[in-house]
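Here is a short report on one protein model. Look at the sequence and the structure first, then read on.

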Amino acid sequence: MTHRRWFTPWLLAGPAIVWLAVFNLWPTLNTVILSFTDAKPLGGGRFTGLANYERILDDDQLADALLNSIVYLLVCLPVLTVLPLLLALLVQRKIPGITFFRTAFYTPVIASAVVVALIWGWVLDDRGLVNGVLQQTGLADSPVAFLTDRWLLLFSSIALTAWKGLGYYMVIYLSALANVGRELHEAAAVDGASAVRRFWHVTLPGVRPTMMLVSVLISVSALRVFSELYVLSHGTGGPGGRDMSVVMLIQMYSRGFTGHLGYASALSLLLFLITLGPMLLLTRLNRKAD
């Protein structure tokens with residue numbers, strides 16, 4: 001029998017451990033350290049204690065960014081949890097041509113978020129397709145400010161996020177639906193249960209763990225949104241910068257030679273804690289349901 005040396009497992013796991021330490025653990029620790037300094041991109045900075053966190057309490061722009069993130073979460077969470085499930089139930093049926101529709105629904109997922117946002121920007125522009133149709137049909141006398149009004153810009157970005165994410169979550173639900181026993185549906189049908197009752201009492205319980213997973217993924221993505229708002233607002237964050245997300249705010253403070261890395265790091269930690277909240281809440285709800 002070959003004798004296995006004690007360090008063999010460490011040799012195998014070593015590259016992964018080094019990778020995690022260099023690219024995950026150290027950047028996280030460094031962010032925590034920087035949040036207590038006034039560091040600049042070209043300088044180490046000095047220790048300032050809780051000054052950056054005190055600044056957070058007085059940052060009106062951060063208050064707007066947090067409000068945008070909360071609205072994003074409250075809209076995207078139900079929409080992208082329910083609609084992809086209904087879409088998966090639709091394309092799950094084995095009918096001629098259904099493969100084409102599955103591919104069509106998934107196509108936006110593989111497209112670059114920046115490219116898709118640019119296309120949506122052209123479509124929603126004052127001289128874009130949507131405004132052209134609205135004015136030609138008499139539904140609007142003047143161009144609708146999809147990209148220059150605070151709330152219209154925010155909800156346009158939410159619509160873009162939902163449209164691009166439908167196909168991704170649909171595929172997740174399709175894999176979950178494949179594990180729901182067909183015999184359960186057949187037994188319920190024999191007992192006289194309607195399609196709606198079978199959905200509520202057979203399908204939903206079968207995919208509930210997947211719904212919780214999808215909800216967590218949506219929550220994290222909604223709170224960390226960047227590309228959609230950045231591209232649609234041309235990097236300005238909308239009128240008065242009031243459509244910025246927290247990630248856009250972090251990017252704004254950290255860029256350039258005079259960036260405030262310390263404050264940006266404090267905002268990063270705040271975003272981490274905010275993102276952690278919905279994840280823990282959804283996990284707790286899932287355990288209580290079990």
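## Ground rules

A contact means heavy atoms within 4.5 Å. This is a predicted model, in which local features need pLDDT of at least 70, side-chain atom pairs count only at pLDDT 80 or more, and totals for chains, interfaces and linings use all residues. Residues are numbered from 1 along each chain as its sequence is written, and side-chain values use heavy atoms, with hydrogens and water left out.

Start with A117. This residue is found in helix 5, which covers residues 113–124. Helices here are DSSP runs of H or I, at least four residues long, numbered from the N terminus.

Is A117 buried or exposed? A117 counts as buried, because its relative accessibility is 0%. The cut-offs are these: buried is under 20% relative accessible area, exposed is over 50%, and partly exposed lies in between (1.4 Å probe, protein chains only).

Which residues does A117 touch, not counting residues up to four places away in sequence? They are L160, S227, V231 and L232. Now take S157. Along the chain, A117 and S157 are 40 residues apart. Their C-alpha atoms are separated by 8.4 Å.

A salt bridge is a side-chain nitrogen of Lys or Arg within 4 Å of a carboxyl oxygen of Asp or Glu. How many are there by this rule? The count comes to three.

One of them joins D38 and R46. The closest N and O atoms of this pair are 3.4 Å apart. D38 counts as partly exposed because its relative accessibility is 31%. R46 has 56%, so R46 counts as exposed.

Next comes D64. Its side chain meets that of R150 in a salt bridge, 3.8 Å from N to O. R150 lies in helix 7 (residues 150–177) and D64 in helix 3 (residues 60–91), so this pair ties together parts that are 86 residues apart in sequence. Both R150 and D64 are buried. For D64, the relative accessible area is 17%.

D64 also forms a salt bridge with R242, at 3.4 Å from N to O. This pair links distant parts of the chain, 178 residues apart. D64 is in helix 3, while R242 sits in the loop between helix 10 (227–232) and helix 11 (246–254). R242 counts as partly exposed, because its relative accessibility is 39%.

Methods
Helices (H or I, at least four residues) and strands (E, at least two) are DSSP runs, numbered from the N terminus.
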